[in-house]
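Dear colleague,

I am handing over the structure below, and I would be glad if you kept it open while you read the notes that follow it.

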Amino acid sequence: MGERGQRHRVDGWWVTGILLLCFGERILAHLRYSVPEEVQVGSPVGNVAKDLGLDISTLTDRRFRIVSGPSHSLFQLNQNNGVLYIGKTMDREELCAGTKVCLINLKIVVESPLEIHYVGVEITDVNDHSPTFPESEQRLEIAEHTRPGTRFQIHAARDPDVGTQSVRLYKLSANDFFDIETRDSDEDKIPFLVLKKPLDREQTAEHRLVLTALDGGSPSKSGNLNLTITVVDINDNHPVFSKDIYTVSLDENAPIGTLVLQLNATDLDEGSNSEIEYSFGKTQKKKVHDTFELDSVTGEIRVKGNVDFEDTEIYRLDLQASDKGQPPWTAESRVVIKIKDLNDNKPDIEVTSLSNSVPEDSKPGTVISLISVTDRDSGLNGKVICKITDNVPFDLTPSIEENMYSLVTKGRLDREMVSHYDITITATDCGEPPLSSVKTLSVQVSDVNDNKPVFSQNPFELYLVENNAPGASIFSVNAADNDLNENAAITYHIVRGTGQQGDLTSFLNVNPENGQISALKSFDFETLKTFQFQVVASDSGTPSLSSNVTVNVFILDQNDNAPVILYPVSSNGSAEGVEEIPRNVNAGHLVTKVRAYDADIGYNSWLLFSLQEVTDHSLFALDRYTGQIRTLRSFTETDEAEHKLLILVKDNGNVSLSATATVIVKLVEPKEAFAASDVKSAAKDDEENNVTFYLMITLGSVSVLFLISIIVLIAMQCSKTTDYTSKYLQETNYDGTLCHSIQYRSGDKRYMLVGPRMSIGSTIVPGSNANTLVLPDRRRTSAEVR
């Protein structure tokens, strides 16, 4: 659109002034024209060439033209006559809206010589617009108590024309209550509606008026605004609640959003004066705001938070109803909400233990713990029944105070049978449905010293090989105590007897902590074959309990005695003898018999005879088992008259022991033999008497030992609970060698102690050092066969 130029007032159609400046070859000129808006296209504005004094005939050659610019299209320049024409229809309000002077500047150029001329064209206004309001209708609310003279601003009309063509005057339709006043501003006039006298809503609730705006054109143009005035009622009535106090009931745990109550308040006023707004009282507690919410428009009270009877049983809500009048009026009311209890709380079990443990010797009725049961509900919902698990030696005893119990023992306790009880306490209320709580109470049964130490067996049997190392452990006893800690700490000691029993136990010692028994001396089977002693096991309780056990000791033989030659024995004590036999004896003649004795028993006392040296092996033979020396053949004249036989006697121990005897056999003629035999028989009688005396002493000693062994074994047999029997055999002479034996039974085996000789064909018990023999139990075998 057109370019805005400097603002100057122009009142004519023709040129108002020409200014020429000369700068060397350039001639500058400034022309100004005036033309009304809305002029038709092609209308002349002015003859620029003439006004500039240019030669019209040279305009074309000098390229007379308008320099391109923002507004050059609004005008056209004729090079033939130099006249400036309207190029397009112009609307001043579009080109220069809001300005008093609308000036379009053009730049005109001619060449040879170059000249630049400035032309200003002012677009003048014509009354081509009517006044208009922003809206076709304006509504006003005026209270009926408004004082006369009060002014109310009305929308101002706008007219795009300027000067006298703009809004000049406002007129109001005829009425009795209002008038119009205007206030001039820099650009327009602002209308005000003025109240002339008081309004009365009861007479006229609404006034309708027309405001007309007129411009200063000729003829004048106008625009209208419809005014609607509503008389507003004054707030002269209070809101009223339907009740002063509302009372309602509400179940606890009601869901959020549950409608509790809808308030109802009314106001006789109209409009905003009768519109009620509900609210809580200003002094209402925070608990109420957290639990309930109030709709300010509808008056509905709804659940907002958790409703718990155990927390709050009654809520008191102070409420207000306010209208929207100015100033607003307020009414007050109270809502009482009673919460109904539901069975929503489980019983709570509280245990106060008097002790973490109860002694096992506690008497029935001993109080272990105090049980307190509470239920936050009320009525039947809070009534609780309490019980404990069956099959426990405990019971619940109710107290004088309600819901208080004592946990007491109702039977004997035995820690060794049950050392720990988990007692389950169940509390159930009487609500619908009933709710239960369970609590487990751990009761530890503490130990008292009510159990004696018990040995693993009674009696113990100890088979001890003679010649044991002094101070070494020979046996171990073990006892157990079902009690705990100090009550189960066991110490051992040996019962010291009197007499021979006391002498034997003085050589025994027991480790008080582990029951290891050691011998302070070495035992000799040939001196002592069996004995017994007692070990006492005592616990460390208060008072201490003890028990004893009998240990039967059987000394087992070792091959520690060498054979002793009984015959032949010379006068000086050496094992040498001379035998004279007739030369004419036949083969098989008994020359003599070597007799020997071994104090050991079993294989250790089983003696074997052998010829170590002999003059002629063809003449004599020695029986391996009996020691008899016999002739193998008849003597001849060539046989020597004297023969020396060296006989070796050895036992059958693992490490054999032996002795030797020398027999000298002299061959004599028969007559000499008879004479010599008479002399010899006398001497032999004396010798045999001595031998018989020694044999009697030996036999008596062995018999005494046997009798002692028999008495001990009989006593053991009587006191022993297991299958333990003793049997004694008569002492027996076997082929001239003393033989004695002791048989006894332990479990499914029979043992026989034999000494110093034994029968051939018996078996040896492994590990017995060939001292103990095992004989088959014929009774057991026959019983099994049957």
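The structure holds zero disulfides. Please bear in mind throughout that this is a predicted model.

Salt bridges

By the rule applied here, the count of salt bridges comes to 19, and I describe some of them below. In one of these, the side chains of Glu122 and Arg32 meet, with 3.7 Å from N to O. This pair links distant parts of the chain, since Glu122 belongs to strand β8 (residues 115–124) and Arg32 to strand β2 (residues 26–36), 90 residues apart. Both ends can be described by their accessibility: Glu122 is buried at 6%, and Arg32 is buried with a relative accessible area of 12%.

A further salt bridge joins the side chains of Arg139 and Glu206, at 3.5 Å from N to O. Because Arg139 lies in strand β9 (residues 137–143) and Glu206 in strand β14 (residues 206–215), the pair ties together parts that are 67 residues apart in sequence. Here Arg139 counts as exposed, at 51% relative accessibility, while Glu206 counts as partly exposed, at 33%. These two residues also belong to a network of salt bridges in which Glu137, Arg139, Glu206 and Arg208 are linked.

Asp616 and Arg633 form another salt bridge, and their closest N and O atoms are 3.4 Å apart. The residues of this pair sit in loops, Asp616 in the one between β46 and β47 (620–622) and Arg633 in the one between β48 (628–631) and β49, so that parts of the chain 17 residues apart are linked. Asp616 is partly exposed, with a relative accessible area of 23%, and Arg633 is partly exposed as well, with 25%.

The surroundings of β8

Eight of the 10 residues of β8 are buried, so the strand is largely enclosed by the rest of the structure. Strand β7 (residues 102–110) runs antiparallel to β8 and is joined to it by nine bridges, and within this pairing Leu103 stands opposite Glu122. The two strands β7 and β8 form a hairpin with four residues between them, and Ser112 in the turn has a positive phi of about 55 degrees.

Strands of a sheet pair through backbone hydrogen bonds, either parallel or antiparallel.

Aromatic residues

The structure holds 12 aromatic pairs, and Phe455, Phe460, Phe475 and Tyr492 form one aromatic cluster. Charged side chains also come into contact with rings. Lys197 lies over the face of Phe177, at 4.7 Å from the ring centre, and the charged end of Lys521 sits over the ring of Phe507, 4.7 Å from its centre.

The C-alpha atoms of Phe177 and Pro198 are separated by 7.6 Å, although the two residues are 21 residues apart along the chain.

With best regards

Definitions and conventions. Residues are numbered from 1 along each chain as its sequence is written. This is a predicted model: local features need pLDDT of at least 70, side-chain atom pairs count only at pLDDT 80 or more; totals for chains, interfaces and linings use all residues. Side-chain values use heavy atoms; hydrogens and water are left out. A salt bridge is a side-chain nitrogen of Lys or Arg within 4 Å of a carboxyl oxygen of Asp or Glu. Buried means under 20% relative accessible area, exposed over 50%, partly exposed in between (1.4 Å probe, protein chains only). Two strands pair if DSSP finds at least two bridges between them. A disulfide is a pair of cysteine sulfur atoms within 2.5 Å. Rings of Phe, Tyr and Trp (its six-membered ring) pair if their centres lie within 6.5 Å; planes under 30 degrees apart count as stacked, over 60 as edge-to-face and the rest as tilted. A charge sits over a ring if NZ of Lys or CZ of Arg is within 6 Å of the ring centre and within 35 degrees of the ring normal.
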